[in-house]
Amino acid sequence: MATTDESASDFSTRVTQQLVGGIAGMGVAIGMETGLFEMMIAMGESKKTSQEIADLANMKERYVREWLGCMAAANIVNFDPTEGTFWLPSHRSNIMDLKALAMTAPVLQGGFFQVADCFRKDGPRGVAYGKYPKFDELMAMTQGVFFQDHLIQEFIPSMPHLHQQLQNGIVVLDIGCCEGVSTTTMAKEFPKSHFHGLDLSQPALATARDTASAMGLSNVEFVHADISLMPPDWTDKFDYLFMNFVLHDLAYTAKALQDMYRVLKPGGTLSVVETTAHGKLKDNLAVPDRDSVVVDYMYSLMNCMPTSLYHEGGAGLGSMWGRENVRVALEEAEFQVISMTDVPSESGLHFMCQKATNA
Ligand SMILES: C[S@@+](CC[C@H](N)C(=O)[O-])C[C@H]1O[C@@H](n2cnc3c(N)ncnc32)[C@H](O)[C@@H]1O
């Protein structure tokens with residue numbers, strides 16, 4: 001609706017709907033986190049009382065009943081008042097496809113009050129990464145579809161020279177690998193290549209190591225290190241650097257890019273994936289569907305920016321930093337930006353770069 005045509009009451013109705021949606025979304029997220037939706041999907045359309053559902057799920061009936069009431073009111077679960085039974089219609093069994101989106105608000109809310117405090121002039125600089133419980137899991141979920149269905153199938157083949165090198169055997173660094181989904185996916189596909197995943201989050205690395213060992217991979221290792229301060233003996237070590245949605249999060253971006261340049265072999269390839277955002281708000285608002293823009297700005301405000309600003313002198317770029325600025329930063333670090341292409345499966349932008357062969 002054009003804001004000029006909007007009455008005060010239209011505005012209030014619209015914002016009320018957004019706020020109620022946010023509250024109902026907490027209920028959806030609870031159903032996902034507890035496993036109740038998965039259980040109701042497994043029930044098919046058989047109608048059950050709250051007691052029967054709680055027993056099946058091995059949960060407390062009082063909690064399950066309140067959740068079912070909320071989900072019935074939100075028209076997500078159906079309710080038969082005569083029988084006092086609940087069921088999830090089969091056409092709604094795709095609700096689990098929305099899990100990453102549903103979990104976004106509860107995870108970002110981990111830092112809610114601290115972020116609000118940061119606004120004050122005398123408030124804290126930022127928020128520690130560890131203040132967001134299950135953030136690593138959310139990342140693995142959010143990027144999971146890209147890593148599992150597109151990374152090997154389309155993303156790497158879009159760089160034929162690299163695809164061939166990976167098949168022949170090269171050394172790769174996945175920078176900010178989090179729980180290592182991208183690292184292990186690539187390591188499985190390219191057994192002759194050797195993969196390093198690097199991150200600052202110890203819990204994420206522990207999960208990554210467990211995954212690699214469950215997959216029986218011997219060509220992957222995970223390293224706890226800061227991107228801006230990688231081991232001195234890594235100079236010119238890697239043929240390929242992969243960095244997915246990390247650059248804007250960093251406290252010391254220029255320093256990190258300098259170190260990335262150092263560890264990449266001359267002639268090596270760097271893939272940086274960032275959001276599709278532009279540097280100017282007016283460009284970000286000029287899209288027909290603003291939903292993903294809202295989500296991206298909220299990610300930036302609630303996590304990316306405050307976790308970077310938490311560090312003394314942190315850049316606080318945020319995920320809406322903008323493609324124009326990403327390109328400048330890459331070029332200032334002496335990378336040659338060969339191409340910028342959309343990664344449609346995750347609304348990202350792929351900056352494919354090279355380090356000159358004579359560097
Ligand atoms: C937004 S997550 C992206 C994770 C993963 N690449 C993905 O696409 O799901 C950013 C990751 O960068 C890591 N990170 C942030 N700053 C870092 C630093 N200075 N050194 C190493 N890792 C860092 C975080 O721990 C987190 O796992």
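A polar contact here is a pair of N or O atoms within 3.5 Å. This is a predicted model, so to speak of local features takes pLDDT of at least 70 and side-chain atom pairs count only at pLDDT 80 or more, while totals for chains, interfaces and linings use all residues. Numbering runs from 1 along each chain as its sequence is written, and side-chain values use heavy atoms, with hydrogens and water left out.

Start by selecting the ligand and Leu 200: a polar backbone atom of Leu 200 is 3.3 Å from a ligand nitrogen. Next pick Ile 227, where a backbone N or O atom lies 3.0 Å from a nitrogen atom of the ligand. Then go to Asn 244, whose side chain has an N or O atom 2.8 Å from a ligand oxygen. Taken alone, the ligand exposes 590 Å², and the protein buries 92% of that (Shrake-Rupley areas, 1.4 Å probe).

Which space does the ligand take? It's the second largest pocket, about 850 Å³ in volume. A pocket is an open set of points on a 1 Å grid where a 1.4 Å probe fits, with protein on both sides within 12 Å along at least five of seven lines; lining residues have an atom within 4 Å of a point. A molecule sits in one if more than half of its atoms lie within 2 Å of its grid points.

Select the 43 lining residues and centre the view: Tyr 129, Asp 199, Leu 200, Ser 201 and Asp 249 are the closest to the middle. Finish on H7 (135-149), which gives the most to this lining, six residues.

How values were computed. Points joined across faces, edges and corners; volume = space filled by probe spheres on them. Helix = DSSP H or I, 4+ residues; strand = E, 2+ residues; numbered from the N terminus. Polar contact = N/O pair within 3.5 Å; in protein donor to acceptor, adjacent residues only side chain to side chain.
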